[in-house]
Every structure is written in C-alpha cells, then in structure tokens.
Amino acid sequence: MSSFRSRLDTLRGPIEPKPHNARSLAAFTANPGCRRRALLDAAGVDKDALAVHLGYPLPPTQSPRALSRGAQFEAQVKDQGGAELLSLLRNVLHLPLAEAAHSDLSVLGTSDKSLSVRHARTRSLILEAARGKGPSRTMLDHPVLVLMVSGRPVFLEPDLVAFQSEGVFHVVEIKSFAVIDGQAPGDKVAGAVLQGAAYIIALQELLASAGLDIDRVSTTLLLITPRDFTRRPMASTVDASQQIKSLRRQLNRLDGVEELLDQLPTGITFDLAYDGDDPRTRTATRDRDDLTKALNTTQARYRSNCRHHCQLALFCRSQAHDGQLVDVLGSAAREDLGSIDTIPAALGLADGSLSPAPDQEDLAAALRYAESIRNELFGGAA
C-alpha cells in the first residue's frame, strides 16, 4: 500500500471507505475551496456518520414518496423493452430505423455484489459497439461504469446509455420532476446535469482506456422528464460540457490532496472508534470534543448552499456562527467582502475603529460609505 493511501486510511480509521456515487461526485463542484471536504472525500470518510455523532445531522434530502415517484416514472419509461423511450430517442438522436438492440443488464443482478459483473458486461457491450462488432443502435439499460477517485474505483449507475448509428454514445438521465410549459426547476436540472457529467466522464474514461477517442461520447445529456402535469415522458437535451470541465478539475484536485495531508498534524484521524464491526449495530465511541479538535485542523469554507451538498453543513455553519465569519451572511456578502473574514472586522472597518490593510483600502472606503448612509437613514441606531 502506498504511503498516500495509508495516510488516507489513517484519516478514515479502520473501516471501509464510504463509496461515492454520482450525487456525491456532483457535489464536489459545489464548494471547491473547502479543504475540509476535499480531505474527507479523498479519504472516503462517512460524513453522515460524522454529523450524527457530532450532533448536527442533516434532515433527509429526499422523501420516500419522491423516491417512489421517481422509480415509478423510470419503470413506466422503460416498460415493454423501452419502446416509448426508444421513440423519444429516435426523435432526439434522429435514428433512421425503428428497431434497436436493447440490453438490460439488471438481469445480472441489482445488488452491490453484482456491480463488478455488470461493469464487465457494460464495458464489453460498449466496446463491441464502438468497434462496430455489435448492434449499431443499442440501448444499455442499468449499465455500470467506473470512475477512479483518489485511487479507488467508484461504481456509477446511469439510467441508460444510448449508442447512435453515427458512432456517438449518449448518457440518458430519467428524472421525475416535470417540465411545465418548457420550464423545469433550475436546481433540479443543475443537479441532474452534474450527475450526468460524472457518467459522461466515466464513459469517456472507458473509451480512453481502450485507446478510443473520447469525442465519441457526447457532452450533451439527454434528459427524460414528465411533460407538464401529465405523466407522459418528454426528451430534452442539455449541454453538460462546462459541468464536465468543472468536475474534472475537482477530481484532479482530489488526486492532489497529498499537499493538504502534509499540512495536518501527525497522527490526526477522524476515526469514530466504533465498538464493533457490524454497521447495523455498532456505536461510535469517539469523544466529541476530541473529534471536533481533529476536524478543526482542517480548513472549512462554509457557504450557504452547503446544506444542499454536504452532510457536515450544519456543523460547519455552527462553527462559522461561533467565529462570526462573514460566510454566514450569504455568498453575495462573502464575495463582496473579499479578504475580510469576520463580521467584527467588517464593522470595524466600516466605523473606522480598525485600520485597513493595504489591499483593503477600497473595501474599507466602500464600507465607510455604506455606514454613513446607514447613519443618515437611521441616525446611527444599531
């Protein structure tokens, strides 16, 4: 085992790394400046378990009803060998024939134990099609792709991979949020595109590993959603090229996390000191204060949108409040205040009780001007 891997294992403790998925990979791009998250993700630390043990659990991000609705819509779209889905794909991809080969890899199993088998079959079918040895138009249902993250394989399960006769692969995502009058929820689309970017990168890497051109993977995501207030599916295309570039940068950043490891004190670990090996019954016994001290050796960068992407958001928000960091004022204030890190510092520059650093002169002038307007309007009242 390499020294780098060994150090990551020490950070995590003597348990298996938390496996990533497309959703967690997509979250890498949400707050790229957070060194704490970079270290935790690289080491495969279970951030959910950390948050629960520290007393800052996040509420569930998806209700069971929403998950059930999504599964029902996907089953509807793929019913009868994906006949309705094929019709949508023909219109979007301009497939000239009604027939297409359909391979459902779920017949090999859907449990975690089947992932490596399904990946091997996925790889075989895609490379056959890419080399012209398989059907020219193929739908791969329940495929499994692999992406290496911090030296470990991450299994990814896109809803569908479609192969077009012109030799271009397309990733298809099926989502249950509706597109009403041509408009979809922006946050939902953004999340879907980021997840799709992870699948596209994994598919590009698969072709590259076989010496094939990654340009044969389309950077346009095919999105299947309900139309208006019906359950009838519709197909949309979304350009994911920028999200792909952003996610690749963050994946490369994780590969370079060794520099962050060098900045940690020797022996630092986020081990929860479980009292057993069974995940269903074990209990974390690590002292909370000791764990907090360990986490404080890493540099967090709290942002208001962290609660949508990171399980430690409430813990980091509490620390930001305690430290009176400007991060708690929102992303706009954080960007406007530049190198000013704390609220007391901003107030001190505004009322003139603090002298600005050379690079803060313009900011200080703007704050003093804002303070003068506030005093004029409110008579200096706090």
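1. Buried means under 20% relative accessible area, exposed means over 50%, and partly exposed is what lies in between. Keep that scale in mind for two of the points below. Note also that this is a predicted model.

2. Overall make-up. The protein chain holds 14 helices and 8 strands. Its C-alpha atoms fill a box of roughly 75 × 55 × 40 Å along the principal axes.

3. Burial and surface. The protein chain has 382 residues, and 43% of them count as buried.

4. Contacts along the sequence. Take the contacts in the protein chain between residues at least 6 apart in sequence. Of these, 64% join residues at least 24 apart.

5. Serine 116. This residue lies in helix α6. As a distance check, compare serine 116 with isoleucine 244. The two are 128 residues apart along the chain, and their C-alpha atoms are separated by 25 Å.

6. Helix α6 against helix α7. Helix α6 covers residues 115–130, and helix α7 covers residues 186–209. They pack at an angle of about 65°, with axes 11 Å apart. Angles of 65 to 115 degrees count as roughly perpendicular, so α6 is roughly perpendicular to α7. The crossing of α6 past α7 is right-handed.

7. Who meets whom there. From α6 come Arg123, Ile126, Leu127 and Ala130. From α7 come Leu203, Leu206, Leu207 and Ser209. By class, this contact of α6 with α7 has 6 nonpolar residues, 1 polar and 1 charged.

8. Helix α13 against helix α14. Helix α13 runs over residues 343–351, and helix α14 over residues 361–378. Their packing angle is about 75°, and their axes lie 7 Å apart. That angle makes α13 roughly perpendicular to α14.

9. Which residues build this second contact? Ala346, Leu349, Ala350 and Asp351 in α13 face Ala364, Leu367, Arg368 and Glu371 in α14. The contact of α13 with α14 divides into 5 nonpolar and 3 charged residues, with no polar ones.

10. In brief. Two helix pairs are described here: α6 is roughly perpendicular to α7, and α13 is roughly perpendicular to α14.

How values were computed: Residues numbered from 1 in each chain as written. Predicted model: local features only at pLDDT ≥ 70, side-chain atom pairs only at ≥ 80, totals over all residues. Heavy atoms only, no water. Axes fitted to C-alpha atoms, helices over the stretch in contact; angles between N-to-C directions. Helix = DSSP H or I, 4+ residues; strand = E, 2+ residues; numbered from the N terminus. Parallel < 35°, antiparallel > 145°, perpendicular 65-115°, else oblique. Contact = heavy atoms within 4.5 Å. Nonpolar A, V, L, I, M, F, W, Y, C, P; charged D, E, K, R; others polar. Buried < 20%, exposed > 50% of the residue type's maximum accessible area, 1.4 Å probe, protein only. Left-handed = near helix turned anticlockwise from the far one by under 90°.
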